[in-house]
Amino acid sequence: MKQSLIYIVVFLMSISAKASFILLPMDETTQQNHLKAYGITYWCLNKDYKASWLLNYRGGSFLLPDADEIRKECKIRGVSFEVLSDSEQIAILDEISSPSQNMESVILEKAPKIAVYTPKGKQPWDDAVTLVLTYAEIPFTPIYDEEVLSDQLLLYDWLHLHHEDFTGQYGKFYAAYKNTPWYIEQKKDSEALATKLGYSKVSQEKGAVAKKIRDFVIGGGFMFAMCSATDSFDISLTADGVDICEAMFDGDASEPNYQSKLNYGNSFAFKGFTLERRPEQYEFSDIDMTTKRRITPDKDYFTLMEYSAKWDPIPSMLCQNHTQLVKGFMGQTTSFDSALIKSNVLIMGTCEFNGEARYIHGEKGKGMFTFFGGHDPEDYQHQVGDPPTVLDLHPNSPGYRLILNNVLFPAAKKKKLKT
């Protein structure tokens with residue numbers, strides 16, 4: 001009888017100690033591949049596993065159910081994980097739920113369908129988001145103007161824009177690259193596409209694309225933009241119906257006094273900006289701080305804001321990281337003049353030296369958008385024609401983590417923003 005009781009006790013203890021959860025820690029010292037950890041979480045959601053994002057717990061860790069195939073996938077992809085018992089999981093969630101802790105557990109419901117706005121032909125620069133999605137093994141669909149104008153954005157939850165120009169000025173590359181084969185070919189292809197789609201000018205066709213993207217966000221979509229796509233998108237919306245292009249771009253002169261005809265009410269994030277009129281200047285407007293900043297590369301960092309995870313889970317999700325200090329990086333649009341950002345837009349990352357905004361977020365209609373200044377978080381001054389960044393060398397990149405926060409963000413069960 002006594003021996004039977006011992007067997008029962010041992011059996012019950014083994015059940016209680018049985019692993020039921022997997023934790024993907026996202027702190028600085030434990031996780032060997034932060035970027036691929038997002039891919040594992042997305043993979044689980046795609047397979048209908050339940051998942052939780054533990055905001056501010058060990059760098060924004062992910063909690064997954066314990067399954068052999070999840071463990072195997074983590075090992076294949078080189079992602080660090082910890083196996084938790086029921087009691088350990090309960091203890092973690094109790095700690096997170098404590099009012100004294102700036103933490104929160106957010107349920108991730110389903111894998112978002114991702115579209116990346118990119119032209120069909122190879123460009124002389126690389127897209128950081130495409131690079132990191134590929135590296136993290138998160139599936140996405142490339143789309144371009146034809147798909148956008150035929151309302152195919154309705155098929156997706158999340159859209160990325162990168163080094164694009166929605167103003168019809170071909171990225172303001174005229175002065176430096178007007179005689180290069182890739183620029184000539186790009187201009188020719190853009191004009192042919194505009195004609196095919198029924199527009200007499202590239203600027204008009206790109207303006208129509210920008211408005212379709214605007215409608216996608218207003219209808220409930222999520223948009224993430226980097227580099228020149230941030231300000232050129234807002235400029236296109238603000239200059240709707242106004243010709244701001246000079247003759248070398250569209251064959252005729254710009255409209256007289258076009259600056260006074262801008263409608264800032266149409267823009268997502270920026271107000272009161274002044275357009276750069278000179279076609280030979282590699283700049284769209286004074287929104288961008290690239291030529292105005294005086295920061296040496298060794299001091300170029302920006303700080304992520306800290307939000308209440310329980311009251312403001314949206315910006316908290318977008319700022320999850322294993323460090324609050326992120327290395328800066330440049331681009332055609334490096335950062336944003338804080339004085340030109342609308343008051344209803346959150347500034348989530350700033351450079352202390354000059355107060356410039358690097359990382360901003362806002363709502364538009366039923367949807368949301370995030371703008372991230374700079375071109376490539378691990379290439380300080382990426383030049384046209386430079387080779388793409390090898391992310392195997394940067395598996396723990398804080399800057400690339402911010403991109404992936406935005407990728408995974410639409411999967412979360414939302415709470416109303418309080419800030």
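How are H2 and H13 oriented to each other? H2 and H13 are roughly parallel to each other (angles under 35 degrees count as such). The model is predicted, so local features need pLDDT of at least 70 and side-chain atom pairs count only at pLDDT 80 or more, whereas totals for chains, interfaces and linings use all residues. Residues are numbered from 1 along each chain as its sequence is written, and side-chain values use heavy atoms, without hydrogens and water.

The axes of H2 and helix H13 (residues 398-408) come within 9 Å and cross at roughly 10°. Helices are DSSP runs (H or I, at least four residues), numbered from the N terminus. Axes are lines fitted to C-alpha atoms over the stretch in contact, and angles run from 0 to 180 degrees between N-to-C directions. On the H2 side, the contact (heavy atoms within 4.5 Å) involves His34, Leu35, Tyr38, Thr41, Tyr42 and Leu45. H13 contributes Tyr400, Arg401, Leu404, Asn405 and Leu408. By class, 7 of these residues are nonpolar, 3 polar and 1 charged. Ala, Val, Leu, Ile, Met, Phe, Trp, Tyr, Cys and Pro count as nonpolar, Asp, Glu, Lys and Arg as charged, and the others, Gly among them, as polar.

Helix H2 (residues 34-46) also packs with helix H5 (residues 128-136). Their axes come within 8 Å and cross at roughly 70°. H2 and H5 are therefore roughly perpendicular (65 to 115 degrees). Leu35, Lys36 and Gly39 of H2 meet Val132, Tyr135 and Ala136 of H5. This contact has 4 nonpolar, 1 polar and 1 charged residues.

Helix H9 (residues 202-218) packs against helix H10 (residues 228-238) at about 100°, with the axes 9 Å apart. H9 is thus roughly perpendicular to H10. Lys206, Gly207, Ala210, Lys211, Ile213 and Arg214 of H9 contact Phe233, Ser236 and Leu237 of H10. The residues divide into 4 nonpolar, 2 polar and 3 charged.

The second largest pocket is lined by 21 residues. Nearest its centre lie Tyr282, Gly331, Gln332, His382 and Gln383. A pocket is an open set of points on a 1 Å grid over the protein atoms alone, where a 1.4 Å probe fits, with protein on both sides within 12 Å along at least five of seven lines; lining residues have an atom within 4 Å of a point. The lining of the second largest pocket has 8 nonpolar, 10 polar and 3 charged residues.

Conventions:
Helices (H or I, at least four residues) and strands (E, at least two) are DSSP runs, numbered from the N terminus. Angles under 35 degrees count as roughly parallel, over 145 as roughly antiparallel, 65 to 115 as roughly perpendicular and the rest as oblique.
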